[in-house]
Amino acid sequence: QVPYTSVFHAETPQAQAVAKLFYFDLVMAGFILLTVVGLLTFIIIRFRHRPGDKMPYQRHGNYKLETAWTVGPSLLLLALLIATGITMPLVNPPVGNRKPDIIVVAHQWWWEYRYPKTGVVTANEMHMPTGKQLLVEIDAADVIHDFWVPDLGPKTDANPGSSNYLWFTPKKPGTYIGTCAEYCGNDHALMGINVV
């Protein structure tokens with residue numbers, strides 16, 4: 001049986017923070033959609049042409065309206081900026097001097113997992129304890145890849161010569177699946193991720 005995976009099935013505090021931000025963004029986008037569709041519907045109905053209508057008065061400029069459609073979107077963008085700014089340090093706090101618990105190295109077309117504290121190296125299956133905050137270093141041996149396990153958190157590029165980092169705090173045991181989310185060559189589809 002293949003484990004179920006979804007960005008809506010958050011299994012770490014990091015994934016939950018990303019999901020909350022997504023829902024907030026979705027509500028804001030829904031508000032914008034309803035506002036635009038509502039105003040457009042009102043304008044189409046209220047100002048439609050009727051037989052016998054004269055040419056409408058031509059007005060140039062409306063400071064109240066122009067101020068509203070400048071300030072309104074600016075406030076919405078400010079709210080999105082603040083929500084994103086609050087979420088980013090929750091999802092990916094600074095690494096500081098901490099050494100990674102797991103080092104992920106992407107290859108064409110497989111995953112290498114190194115456990116520095118034990119010296120163990122495995123392929124294509126990563127093991128993590130539950131209830132512990134883990135720092136995972138993401139690297140690539142050849143081309144750009146993308147490490148993504150939707151249940152555990154955000155996706156992160158694996159770049160040759162430049163490390164990226166992810167924090168994971170798995171809440172409960174299980175097998176979580178992911179994939180390379182960056183096209184990396186002929187056998188890209190083989191780069192499945194298993195996290196136990």
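**A buried methionine, and onward**

Mentor: Met191 counts as buried, at 0% relative accessibility; buried means under 20% relative accessible area, exposed over 50%, and partly exposed in between, with a 1.4 Å probe and protein chains only. Its place is in the loop between strand E9 (176-180) and strand E10 (192-195). Helices (H or I, at least four residues) and strands (E, at least two) are DSSP runs, numbered from the N terminus.

Trainee: What should I know about the model and its numbering?
Mentor: This is a predicted model, in which local features need pLDDT of at least 70 and side-chain atom pairs count only at pLDDT 80 or more, while totals for chains, interfaces and linings use all residues. Residues are numbered from 1 along each chain as its sequence is written, and side-chain values use heavy atoms, with hydrogens and water left out.

Trainee: How far apart are the C-alpha atoms of Met191 and Lys171?
Mentor: They are separated by 25 Å, and the two residues are 20 residues apart along the chain.

Trainee: Let me step back. How many helices and strands does the chain have?
Mentor: The chain has two helices and ten strands. From the N terminus on, the elements run α-α-β-β-β-β-β-β-β-β-β-β.

Trainee: And is the chain spread out or compact?
Mentor: The radius of gyration is 24 Å, well over the 16 Å that the globule rule gives for 196 residues, so the chain is more spread out than a compact globule. That radius is taken over C-alpha atoms, and the rule is 2.2 Å times the number of residues to the power 0.38. Along the principal axes, the C-alpha atoms fill a box of roughly 85 × 35 × 35 Å. Of the 196 residues, 31% count as buried.

Trainee: What about Tyr63, buried or exposed?
Mentor: Tyr63 is exposed, with a relative accessible area of 70%, and this residue lies in helix H2. Tyr63 and Gln16 are 47 residues apart in sequence and 42 Å apart in space, C-alpha to C-alpha.

Trainee: On to pockets, then. What is the volume of the largest pocket?
Mentor: The volume is about 900 Å³. A pocket is an open set of points on a 1 Å grid over the protein atoms alone where a 1.4 Å probe fits, with protein on both sides within 12 Å along at least five of seven lines; lining residues have an atom within 4 Å of a point. Grid points are joined across faces, edges and corners, and a volume is the space filled by probe spheres set on the points.

Trainee: Which residues are closest to its centre?
Mentor: Of the 25 residues that line the largest pocket, the closest to the centre are Phe42, Ile43, Phe47, Leu65 and Trp69. Helix H1 (13-46) and helix H2 (63-91) are the elements that give two or more residues to this lining, and H1 gives the most, with eight residues.

Trainee: How does that lining divide by class?
Mentor: The largest pocket is lined by 15 nonpolar, four polar and six charged residues. Ala, Val, Leu, Ile, Met, Phe, Trp, Tyr, Cys and Pro count as nonpolar, Asp, Glu, Lys and Arg as charged, and the others, Gly among them, as polar.

Trainee: How much space lies in the second largest pocket?
Mentor: About 180 Å³. Its lining includes Val7, Phe22, Trp148 and Lys155, and H1 gives the most to that lining, with four residues.

Trainee: What does the charged end of Lys155 sit over?
Mentor: It sits over the ring of Trp148, 5.4 Å from the ring centre. The rule requires NZ of Lys or CZ of Arg within 6 Å of the ring centre and within 35 degrees of the ring normal.

Trainee: New topic: how many aromatic pairs are there?
Mentor: The count comes to three. Rings of Phe, Tyr and Trp (its six-membered ring) pair if their centres lie within 6.5 Å; planes under 30 degrees apart count as stacked, over 60 as edge-to-face and the rest as tilted. Trp111 and Phe147 form an edge-to-face pair, 5.4 Å centre to centre with 80 degrees between the planes. This pair links distant parts of the chain, with Trp111 in strand E2 (residues 110-115) and Phe147 in strand E6 (residues 145-148), 36 residues apart.

Trainee: Which peptide bond is cis?
Mentor: The bond from Gln108 to Trp109 is cis, with omega near 10 degrees. Trp109 is found in the loop between strand E1 (102-107) and E2.
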